[in-house]
Amino acid sequence: METNSHQTGNDGFEILQWHIHFKGTTERTRDPSLQRHTGCVRDVRDGFLAVPGGPLVSIAVAANVMGGITGSASGGLIIALNALGETYAQLAAAAGIDAELMHRVASISSGALAMLPHNGAVVTLVAICGATQRGSYREIMMVGLVGPLLALTAVIALGKLFGAF
């Protein structure tokens, strides 16, 4: 008997597998390569959950990395929260961290690595301005990567001190 994500109740895990390995595959639950890559995807998930610093830092890393992989802040956030949202909600509740703060941290962090050169908005911005990636990426990096990472650090620090704000 075949099992799909709706039968197992693990939609987020399937989304993570699909995006990393099977983008565009129509019959992804029947694809034999799905079973070969399941261990890899589990390792990625377990790696995110093992990040030291507690759930706030862990969700920041997960959303940031997924945003970088997809080249999209919203895509990275959706994948990270669909794949790991319930787990992070449980970890946050156990640690006494407000769910709003967890979401705020994930939202801010998902945009930092998403500003890498393969991001569609970066490509469009450079093209419209008539610039080159090489000539303009230092400025884009400062605004799109360094700024959000500094803000993320401040939000995590303030969140640990004061809770949700």
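Predicted model: local features only at pLDDT ≥ 70, side-chain atom pairs only at ≥ 80, totals over all residues.
The chain contains eight helices and zero strands, and its secondary structure, read along the sequence, follows the pattern α-α-α-α-α-α-α-α. Of the 165 residues in the chain, 36% are buried. Among contacts between residues at least 6 apart in sequence, 63% join residues at least 24 apart.

Helix H6 (residues 99-110) packs against helix H5 (residues 73-95), the two axes coming within 10 Å and crossing at roughly 150°. Because angles over 145 degrees count as roughly antiparallel, H5 and H6 are assigned to that class. The crossing of H5 with H6 is right-handed. On the H5 side, the contact is formed by Ala73, Leu77, Leu81, Tyr88 and Ala92, which meet Met102, His103, Ala106, Ser107 and Ser110 of H6. Classified by residue type, this contact of H5 with H6 comprises seven nonpolar and three polar residues, with no charged residues.

A further contact of H6 is made with helix H8 (residues 133-162). Here the axes of H6 and H8 come within 9 Å and cross at roughly 165°, so that H6 is roughly antiparallel to H8 as well. The crossing of H6 and H8 is left-handed, whereas that of H5 and H6 is right-handed. From H6, the residues Leu101, Arg104, Val105, Ile108 and Ser109 take part, and their counterparts in H8 are Pro148, Leu152, Val155, Ile156 and Gly159. The contact of H6 with H8 divides into seven nonpolar residues, two polar residues and one charged residue.

The loop between H5 and H6 contains Asp98. With a relative accessibility of 35%, Asp98 is classed as partly exposed. A polar atom of the Asp98 side chain lies 2.7 Å from the backbone nitrogen of Glu100. Asp98 and Gly159 are 61 residues apart along the chain, yet their C-alpha atoms are separated by 9.0 Å. Gly159 is also one of the H8 residues that meet H6.

Asn64 is located in helix H4 (residues 55-70). Its relative accessibility is 11%, and Asn64 therefore counts as buried. When residues up to four places away in sequence are not counted, Asn64 touches Ser109, Ser110, Ala112, Leu113 and Leu149.

Asn119 occupies the loop between H6 and helix H7 (120-129). Although placed in a loop, Asn119 is buried, its relative accessible area being 7%. A polar atom of the Asn119 side chain lies 3.0 Å from the backbone oxygen of Gly71. Apart from neighbours within four places in sequence, Asn119 is in contact with Gly71, Ser72 and Ala114.

How values were computed
Residues numbered from 1 in each chain as written. Heavy atoms only, no water. Axes fitted to C-alpha atoms, helices over the stretch in contact; angles between N-to-C directions. Helix = DSSP H or I, 4+ residues; strand = E, 2+ residues; numbered from the N terminus. Parallel < 35°, antiparallel > 145°, perpendicular 65-115°, else oblique. Left-handed = near helix turned anticlockwise from the far one by under 90°. Contact = heavy atoms within 4.5 Å. Nonpolar A, V, L, I, M, F, W, Y, C, P; charged D, E, K, R; others polar. Buried < 20%, exposed > 50% of the residue type's maximum accessible area, 1.4 Å probe, protein only. Polar contact = N/O pair within 3.5 Å; in protein donor to acceptor, adjacent residues only side chain to side chain.
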